Amino acid sequence: LADLAQGGLDLVATDRLHFAFGARIHPELEIVHELPGRSGIAWALPQEGGALATEIEAFLGEMTASGRLARIADRYFGHVRRLDDADVATFLSRIRERLPRYRDFFHEAEALTGLDWRYIAAVAYQESHWDPQATSFTGVRGMMMLTGDTADRLGVENRLDARQSILGGARYLDMLREQLPEDLPEPDRTWMATAAYNLGMGHMKGARAIARGLGKDDSSWWDMKSVLPLLSRPQYAQRLKAGPARGGEAVVMTENVRSFHDILMRLEAPYEPALALPRLKLGHAD
């Protein structure tokens, strides 16, 4: 698909999932002909599968019934088709035009928090399209769209200063991660912290309690993203100390961040801090 986008090939046959991955890096790709039939993925076994076939069937049955197969599929593929062609084209152009100005600040934020700089950059893009002067009607401002209260708590003196905003927003996201239970696994932990970046941790804790009441797994983003939109409904909002919330918007934000992060991981190198060289002690020769 990359060779096709670059003009090295005239035509490629592929499936829709791989096309979706390719089009997120090369939005100029187009489907010119729909092939008949459906493609699938299967395990090849001897015709007489015997005990192995029985074990595989039982394994897949348990994975499907428990919901684990759906969660795994969502982890790797659930966000792939979230962005349309225009969203991807705009993002790619801003990676070229805007990101270089702020890349060092995102590297510094990773060094400060341990969070992948590309994930922090994805959050910043979702919040402001990497515009340090961004301001919303609700009063949040800057690259990471911090509220005044949050900025004060983080010691951010100027929300419109790109470096201060990026470092402050990264610290805030890391603080939200730390507030979640230690046994909550990654990457679900970071995705829930991202939703809390939008909602606030109070609403996230309330949503997790609602999830448990509904018999859902409150440590799984797959389950939580079906629960969060319920926070705007009166019958659920009345259980929340913080009142109703637009949980659906937090889901959209998080899924977009996942998509932007995935694209950045394919295009941008990980941060590699310079090695600290040992200091030499200077002395006088005898």
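Start by picking Glu 268: does this residue count as buried or exposed? At 13% relative accessibility, Glu 268 counts as buried, since the cut-off for that is under 20%. Keep in mind throughout that you're looking at a predicted model.

**Glu 268 and its partner**

Glu 268 and Arg 103 form a salt bridge, and their closest N and O atoms sit 3.1 Å apart. Glu 268 is in the segment after helix H14 (247-267) and Arg 103 is in helix H6 (residues 99-113), so this pair ties together parts that are 165 residues apart in sequence. Arg 103 has 22% relative accessibility and so counts as partly exposed.

**Zoom out**

Show the whole chain as a cartoon. You'll find 14 helices and zero strands. The C-alpha atoms fill a box of roughly 80 × 60 × 55 Å along the principal axes. Color by burial and the buried residues come to 42% of the 286 in the chain.

The chain has 16 salt bridges in total. Select Lys 225 and Asp 74 for another one, where the closest N and O atoms are 2.5 Å apart. Lys 225 belongs to helix H12 (residues 221-227) and Asp 74 to helix H4 (residues 68-77), so the pair links parts that are 151 residues apart in sequence. Both Lys 225 and Asp 74 are buried.

Next, go to Arg 246 and Glu 249. Their side chains meet in a salt bridge too, at 3.0 Å from N to O. How accessible are these two? Glu 249 is partly exposed, with a relative accessible area of 42%, and Arg 246 is exposed, with 55%.

**Out to the surface: charge**

With a relative accessible area of 51%, Asp 85 is exposed, because the cut-off for that is over 50%.

**Out to the surface: nonpolar**

Leave the surface on and pick Trp 43, Phe 59 and Leu 60. They make up a nonpolar patch on the surface, with about 320 Å² of accessible area together. Trp 43 comes from the loop between helix H2 (16-25) and H3. Trp 43 counts as exposed, at 54% relative accessibility.

**Last stop: helix H3**

Hide the surface and select residues 50-66, which is helix H3. How far apart should its ends be, at 1.5 Å a residue? The 17 residues of H3 should span 24 Å, and the end C-alpha atoms are 25 Å apart, which agrees. Then step just past H3 to Gly 67, which takes a positive phi of about 85°.

Definitions and conventions:
Residues are numbered from 1 along each chain as its sequence is written. This is a predicted model: local features need pLDDT of at least 70, side-chain atom pairs count only at pLDDT 80 or more; totals for chains, interfaces and linings use all residues. Side-chain values use heavy atoms; hydrogens and water are left out. Buried means under 20% relative accessible area, exposed over 50%, partly exposed in between (1.4 Å probe, protein chains only). Helices (H or I, at least four residues) and strands (E, at least two) are DSSP runs, numbered from the N terminus. The expected span of a helix is 1.5 Å times one less than its number of residues. Patches are made of residues with over 30% relative accessible area and no salt bridge: like charges are joined within 9 Å, nonpolar side chains (Val, Leu, Ile, Met, Phe, Trp, Tyr) within 5 Å. Accessible areas come from the Shrake-Rupley method with a 1.4 Å probe; for residues, only the protein chains shown count as cover. A salt bridge is a side-chain nitrogen of Lys or Arg within 4 Å of a carboxyl oxygen of Asp or Glu.
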